[in-house]
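Me: I would like to learn how to read a structure like this one. Could you take me through it feature by feature?

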Amino acid sequence: MMLLKSLVSLCVLAAAAFAVPAQEKRIHHQADLSDHAHDDAHSFQYDHEAFLGKEEAKTFDQLTPEESKDRLAKIVDRIDTDKDGYVSHAELHYWIKHRQRRYIEENVNKHWSDYDKNQDGKIGWEEYKNTTYGYYLDEEFDDIEDKATYKSMLTRDERRFKTADKDRDGIATREEFTAFLHPEEFDYMKDVVVQETVEDIDKNGDGKINLDEYIGDMYTPESGESEPDWVQTERKHFSEFRDTNKDGYLDAAEVAHWVLPGEVDHADNEAKHLIHETDTDKDGRLTLSELLDKMDYIKISTITDYGGMRVDDHDEL
């Protein structure tokens, strides 16, 4: 029952996120570097989480200046694998990718024990279903106010689980369970990602996304409110870039091109961006001194710990 309540909380959080101009919230950049838009004109929060990691970024915000400097020095030492006193683009790129992988591994580990009830190292669909929905299954969700939503969630989970289950034996290995939780990381799961995206946005059920549905997924106008500039920009993006065949709709192929831009290495781009912003002497590499000079900038980036970095004696690369 608690797990089902958690799913409800996630839905509420997702709905709250729709109220802000998160133009890229649907786009899957493998393991997301940050939940924030990459817009240095208004905030460096994307870079903060990219350098530090999502959880570590929260920790940094609570440290004193001296504690922050000490923590950053330890992180830079980890990144500088050849111990030459500099952080190169290659080292920074590797670090950010490493934090991405670690975030996924820790997320899977966190959920694994919840669902592997018989502790056999595998998770069956029945184990997952009963753990997540079991409290309500006998009543067919009759005592839940929004019964249709929960039935839809169960149907979607089953479809995604069966797709992730490559050998179709009804049991997920750790790799298959990772594909279930993070489908954007696996090529064979991309159709599921696209299908779920269309289902979320397609309000009239015609299997495609029109402009009103596209905008409505990001923005709900308040009474008397004029439309923000970013919404007008998104309207142009829809017609000029998203709708490639110019028929007024986004079909599955166009949605895939939008939400799964796999050809872009965002960790590489972020490494280049961070060096550009913090490399004072413009030699193409970073020193601890340069990073300390840009402490306020770094305290809002992905380097320091992507997805829960803890800098201690047991944190291995």
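This is a predicted model: local features need pLDDT of at least 70, side-chain atom pairs count only at pLDDT 80 or more; totals for chains, interfaces and linings use all residues.

Reply: What follows goes from confidence to the overall fold, then to one helix, charge pairs, rings and backbone angles.

Me: What is the average pLDDT of the protein?

Reply: First the idea: pLDDT is the predictor's confidence in each residue, from 0 to 100. Here the protein averages 79, and 70% of the residues score at least 70. Over residues 38-44 the pLDDT is below 50, and this stretch has 11 contacts in the model beyond near neighbours in sequence; a contact means heavy atoms within 4.5 Å. Residues 305-317 also have a pLDDT below 50, with 54 contacts in the model beyond near neighbours in sequence.

Me: How many helices and strands does the protein have?

Reply: Helices (H or I, at least four residues) and strands (E, at least two) are DSSP runs, numbered from the N terminus. By that reading the protein has 15 helices and five strands. Among contacts between residues at least 6 apart in sequence, 66% join residues at least 24 apart.

Me: What share of the residues is buried?

Reply: Buried means under 20% relative accessible area, exposed means over 50%, and partly exposed lies in between (1.4 Å probe, protein chains only). In this protein, 43% of the 317 residues are buried.

Me: Can we take one helix as an example? Which residues of α7 are buried?

Reply: Let's begin with its length. The expected span of a helix is 1.5 Å times one less than its number of residues. Helix α7 (residues 147-164) has 18 residues and should span 26 Å at 1.5 Å a residue, which agrees with the 26 Å between its end C-alpha atoms. Its buried residues are Tyr-150, Met-153, Leu-154, Asp-157, Arg-160, Phe-161 and Ala-164. Seen down the axis of α7, the buried residues fall within an arc of 135°, so they line one face of the helix. That arc is taken from the directions from the helix axis to the C-beta atoms. On the other side of α7, Ala-148 and Thr-155 are exposed.

Me: Next, charges. How many salt bridges are counted?

Reply: Side chains of opposite charge can pair when their charged atoms come close. The rule used is a side-chain nitrogen of Lys or Arg within 4 Å of a carboxyl oxygen of Asp or Glu. The count comes to 13 salt bridges.

Me: Which residue pairs with Glu-106 in a salt bridge?

Reply: The partner of Glu-106 is Arg-102, at 2.5 Å from N to O. Both lie in helix α5 (residues 89-115), four residues apart, about one turn of the helix. Glu-106 is partly exposed, with a relative accessible area of 28%, while Arg-102 is buried at 17%.

Another salt bridge joins Asp-77 and Lys-83 (3.3 Å, N to O), and Asp-77 is partly exposed at 43%. Lys-190 and Asp-187 also meet in a salt bridge (3.1 Å, N to O); Lys-190 is partly exposed at 28% relative accessibility, and Asp-187 is exposed at 61%. Salt bridges that share partners join Arg-156, Arg-159, Glu-199 and Asp-200 into one network.

Me: How many aromatic pairs are there?

Reply: Rings of Phe, Tyr and Trp (its six-membered ring) pair if their centres lie within 6.5 Å; planes under 30 degrees apart count as stacked, over 60 as edge-to-face and the rest as tilted. The count is 13 aromatic pairs. One of them, Tyr-214 with Phe-238, is tilted, at 5.2 Å centre to centre and 55° between the planes. This pair links distant parts of the chain, with Tyr-214 in helix α10 (residues 211-216) and Phe-238 in helix α11 (residues 229-242), 24 residues apart. Both Tyr-214 and Phe-238 are buried. Elsewhere, ring pairs link Trp-112, Tyr-115, Trp-125, Tyr-128, Phe-161, Phe-177 and Phe-180 into a cluster.

Me: Last, the backbone. Where is Arg-168 found?

Reply: Most residues other than glycine have a negative phi. Arg-168 has a positive phi of about 60° although it is not a glycine. Arg-168 is found in the loop between α7 and β2 (171-172), and is exposed, with a relative accessible area of 58%. Lys-246 also has a positive phi, near 55°. Lys-246 sits in the loop between α11 and β4 (249-250) and is exposed at 51%.

Methods
Residues are numbered from 1 along each chain as its sequence is written. Side-chain values use heavy atoms; hydrogens and water are left out.
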